Structures are given as structure tokens and as C-alpha cells.
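Here is a short briefing on one protein chain. Have the sequence and the coordinates open while you read.

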Amino acid sequence: MTSRIPRDSRLRLVRPRPLAAAPAAIEQRRVRRPAPRPPEGTPAPAELAGMARSVLAAAARVARWADRALGPGGDSATADGKATLSDATARRAAEALGLTADQVRADWDTARLAGLIEVHGDSARPGWRLRAWDRDDGAVLRGWVALCDAWSLACPEPETYEPAAVAEVVTAMPQVLSFLQLSAGPVPVPQLLDLLEQRVTELRTERCEVDYGAGPGTPAVTPEPRPAPAGPPAADAPLEPLLDWALRALASVGALTYGDGQATLTPLGSWAVWVKLEQICVAAQSPAGNIEQGAEDMLRGCARLRPAAARAEYRAWLAARPVGSAVTELIAAARGEDALLRGLAFEALRVVGAPAEPEVRAALEEPALRPYALLWLAEHDGMDPEDAHEVLTREEATWLWVDTAAAVADHGEAPLLVRHLETAVQPTVPALLDEVRAVGHPRTVQVLVALAAAHPDPAFAKAVRRAAFQVHKGG
């Protein structure tokens, strides 16, 4: 841009790039690590994919039926817009497939958890994994891992169990699975119960919930009265039935075999645990130690990494915590004032995939998150990332432009901020300034001031400073 007359300046239209794709301000040299090999005796990926296809065969069958019968123009699939299969649809599927309605519902839920079916409102459509089912072993394995990660949803706990105790067991089970993987054979249930009790005690100690009792000489303190809990305290809930439920649930998704008082990981389960542990080890070796950080600090630690390295960090961070809480943390980080973290949070949510969809859809109601959520959903629905920006309105695209400019101004360099002008949807400088002023982004003044200071054209800088002053004065 060399014209000194702002009203005649044209902005070259180019497709916007994700901020994460911009060159890092400071290059970080990384030592290449040889590709790790799974434990000896682990089947080849093709064989593992065959096992996963076998576990998910019934779910894939229902998903294919849904693809044929519930396509565009067909009947609605759900009764309440929350992925619950309607009675009429369940009966139709049962008659067509020779199953009972209960079997259809179970297979439908499995297909959803594995990403073979995607439900949007009251309509269902096949997931991309179903499209790649017969030709892509990686897609099949990722679908099974998604199901395995959601084992507590695939086989919900009885309502009689205390929710807090259930949450503790779900949090502790990765350690139990790791022990099974290291044992490489059958492990008696009493031994697993001892391990589970130790891990749950550690969790309670971390929250300072263990009652150590008053020592001698300790003055008596009368605690403030608290409302009685709805059920028995988590510390009093027996863990043996909860362990039985967890092992049965993991067996139902094909992660282990359970019977005769012992449990054994299947080859699929052993491979999945190894993958998770390997991801954790990779993250633990990173300079920032991102795996132990909260979402916000993790994203800051990944800010200077190249996109591929950042995605590897996201995967490792996600592997070390329950998916639901991880998504909640990422959305919370996106709500902060740092625009860079907002963009990176949604990059991490792309790694999460389908399990993040409900919270991303809820984010559509928040103006600050809506453009990011729309792009995420468009890409999740199969749109080319290069074309995803077409789902944004002019106002949403302008808001996103200002938000990205704020991230560049805070964390990038002046030339990068000037180059960011090329991604604006407005064809002229005056149009850009008018719409930026109208969109009402809270960082508009700071962005315009930074852009004026960075741009080499004095006439352009003067026009931008004038716009910043008008916004500052409420004009």
C-alpha cells in the first residue's frame, strides 16, 4: 500500500490465515525425537483397526442405516434436540435391522460417542469417520479411542451411586489402566481395588478432604452448621461396586476383559494406554512443562510453537485430563482478555473434535466467542478451512479482524500487524475504518493506535489515528 490518499487506498483481498499459522516472533529450536515404538507384542495398526471395526460393527451398522433413512428431507432423528433417539425412529431402525429398540438405542449412542453419527438439533448426519470407515485405519482407531475415552458415558453408572464418588473413580481410572498395561496380563480385582483406594485417597488429600482428627492439645472448634448432603459423603461410599461398574464399562467398549475375579487389557486397550502415556511423556519433555499447567498457561507455553508442534502439545495436555473438564478450561481461557489465547484455545478445541461441540455451540451466544465458534463448527462440519470464513457475516468478520489484530499488537511485531491489513474483508481503508469503529470491539482504540504507529505511510497513519481518537471520544 503506497498511496498517500487514504480514500483511494485499496486493500488487497486474500484469504485470512489462522493466527497460529503466522511465523513465530522467536524461533524455538526443537531436537527431533525418534518416533516411539509401541511395546513388544502390540499388533500392527491394520490389525488394531480390524479389532476396532469389530467392536464398533453394530454402531457402524446403525450409523449407515441413519445415513440412508435420515438424510436430507428425511424424518427427524431425535425427540428433544439433545441426541436422544425418538421412539418412532428407534422402531423403524429396529424393524429394518432386525434388532430390538433398546439395541438400536445402545448402538446409536455408541455411534455418537465414536463420531460415526453427528447430531445437530433434531437432525442427524454421518460423521466423517463413517465416510472413511473402510479405507482409513487411522480414522477407525481414533473413533474407537473417542469411545474408550467416553467409557463412563457409554455405560452410565447406576443412579444409586454418589456422584462425587463416581467422579473420583473416573479421575482415578487412568492410573488403574496404566497398572494393567504395565502388568501385561491378568490382574486380580482385589489388587486393582487397593490401587484405586490409594489413588482416591490421594485425590481427597489434594483437596484437603481427609479428616486427620484433632491432635492432643488442639483446641476444640465448633464448625459452622452446613446443610446436610443429599446422599452419603463421597468418603463413605464403598469403592468396590464402583470399581466393578468401571471395569464392566471398560469391557463394554473393548478396552479390557473382565471376569473370574480378574481384569486384562485387550490389545486395543493396551495400545490406547500406551498412546496416552507416550503423549504425556512428550509433553513432560517440553521446555514449558505444559502438561501440568492450566489451560491458560498451557496456551501461553504453546504460543511460540509452530502449528504442528502446538497441536502435539494440545494432544498431550488433553490426554492427561478428562475431556469434559479440559473443554471447559479451554472455553474459560477463550473468554479472557488476551485475544491470542482466544485463538489458540479454539485451535486446541479443534484437536478435541466432536466432544467439544456442545460447549462450542453454546459459545455462539457470546459475542466475543461467536466468530471463533462459527469457524470451528464450519470446519467440524467438513468445510475447507480456507473457505470457513464465508460463514461469518461482515460484522462478525470485522470483529474477528480486530480481535486478531489485538493479538498481533500484543504479541507480534509491527510488520506482522501491517500485513494483517491484507486479511480485511473491506476493499478500502475508509470502509475498513468505518466498520471497525462500528463493530464495537473493546480493543478498537488500542489496535488502531498500534496500527498507526506501525504503518510506514504517514497519510494512512494520520487517518488511523484520527479514527482512534473518534472512537476514544465516542464518535
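This is a predicted model: local features need pLDDT of at least 70, side-chain atom pairs count only at pLDDT 80 or more; totals for chains, interfaces and linings use all residues.

The protein chain has 22 helices and five strands. Of its 475 residues, 43% count as buried. Among contacts with a separation of 6 or more, 66% join residues 24 or more positions apart.

**Helix pair H15 and H17**

- Helix H15 spans residues 339–352, and helix H17 spans residues 370–380.
- Their axes come within 10 Å and cross at roughly 20 degrees.
- Angles under 35 degrees count as roughly parallel, and H15 and H17 are therefore roughly parallel to each other.
- The crossing of H15 and H17 is right-handed.
- H15 makes the contact with Ala-339, Arg-342, Gly-343, Phe-346, Leu-349 and Arg-350.
- H17 brings Tyr-372, Ala-373, Leu-375, Trp-376 and Glu-379 to the contact.
- By class, the contact of H15 with H17 holds seven nonpolar, one polar and three charged residues.

**Helix pair H18 and H20**

- Helix H18 (residues 394–411) packs with helix H20 (residues 429–439) at an angle of about 90 degrees.
- The axes of H18 and H20 are 9 Å apart.
- Angles of 65 to 115 degrees count as roughly perpendicular, and the angle here therefore makes H18 roughly perpendicular to H20.
- On the H18 side, the contact is made by Arg-394, Glu-395, Thr-398, Trp-399, Trp-401 and Val-402.
- On the H20 side, Leu-432, Glu-435, Val-436 and Val-439 take part.
- The residues of this contact divide into six nonpolar, one polar and three charged.

**Thr-444 in helix H21**

- Thr-444 is found in helix H21, which covers residues 444–454.
- Thr-444 has 3% relative accessibility. The cut-off for buried is under 20%, so Thr-444 counts as buried.
- Leaving aside neighbours within four places in sequence, Thr-444 is in contact with Val-402, Val-436 and Val-471.
- Val-402 and Val-436 also belong to the contact between H18 and H20.

**Faces of helix H3**

- In helix H3 (residues 87–97), the buried residues are Thr-89, Ala-90, Ala-93, Ala-94 and Leu-97.
- Seen down the axis of H3, these buried residues fall within an arc of 135 degrees, so they line one face of the helix.
- The buried residues of H3 pack against helix H2 (57–69) and helix H4 (101–113).
- The face of H3 turned away from the buried side carries the exposed residues Glu-95 and Ala-96.
- Gly-98 follows H3 and has a positive phi, near 70 degrees.

**Faces of helix H1**

- Leu-48, Ala-49 and Ala-52 are buried in helix H1 (residues 45–55).
- The buried residues of H1 fall within an arc of 100 degrees when seen down the axis, so they line one face of the helix.
- Exposed residues Ala-46 and Ser-54 sit on the face of H1 turned away from its buried side.

- Ala-184 is a residue other than glycine, yet its phi is positive, near 55 degrees.
- Ala-184 is found in the loop between helix H8 (163–183) and strand S3 (187–188).
- Ala-184 has 70% relative accessibility. The cut-off for exposed is over 50%, so Ala-184 counts as exposed.
- Asp-260 is not a glycine either, and its phi is positive at about 55 degrees.
- Asp-260 lies in the loop between strand S4 (256–259) and strand S5 (262–265).
- Asp-260 is exposed, with a relative accessible area of 79%.

**Gly-301 in helix H12**

- Gly-301 has its place in helix H12 (residues 295–302).
- At 27% relative accessibility, Gly-301 counts as partly exposed.
- Gly-301 and Glu-313 are twelve residues apart along the chain, and their C-alpha atoms are separated by 9.3 Å.

Notes:
Residues are numbered from 1 along each chain as its sequence is written. Side-chain values use heavy atoms; hydrogens and water are left out. Axes are lines fitted to C-alpha atoms, for helices over the stretch in contact, and angles run from 0 to 180 degrees between N-to-C directions. Helices (H or I, at least four residues) and strands (E, at least two) are DSSP runs, numbered from the N terminus. Angles under 35 degrees count as roughly parallel, over 145 as roughly antiparallel, 65 to 115 as roughly perpendicular and the rest as oblique. A crossing is left-handed if the near helix is turned anticlockwise from the far one by less than a right angle, and right-handed if clockwise. Contact means heavy atoms within 4.5 Å. Ala, Val, Leu, Ile, Met, Phe, Trp, Tyr, Cys and Pro count as nonpolar, Asp, Glu, Lys and Arg as charged, and the others, Gly among them, as polar. Buried means under 20% relative accessible area, exposed over 50%, partly exposed in between (1.4 Å probe, protein chains only). The arc is that of the directions from the helix axis to the C-beta atoms.
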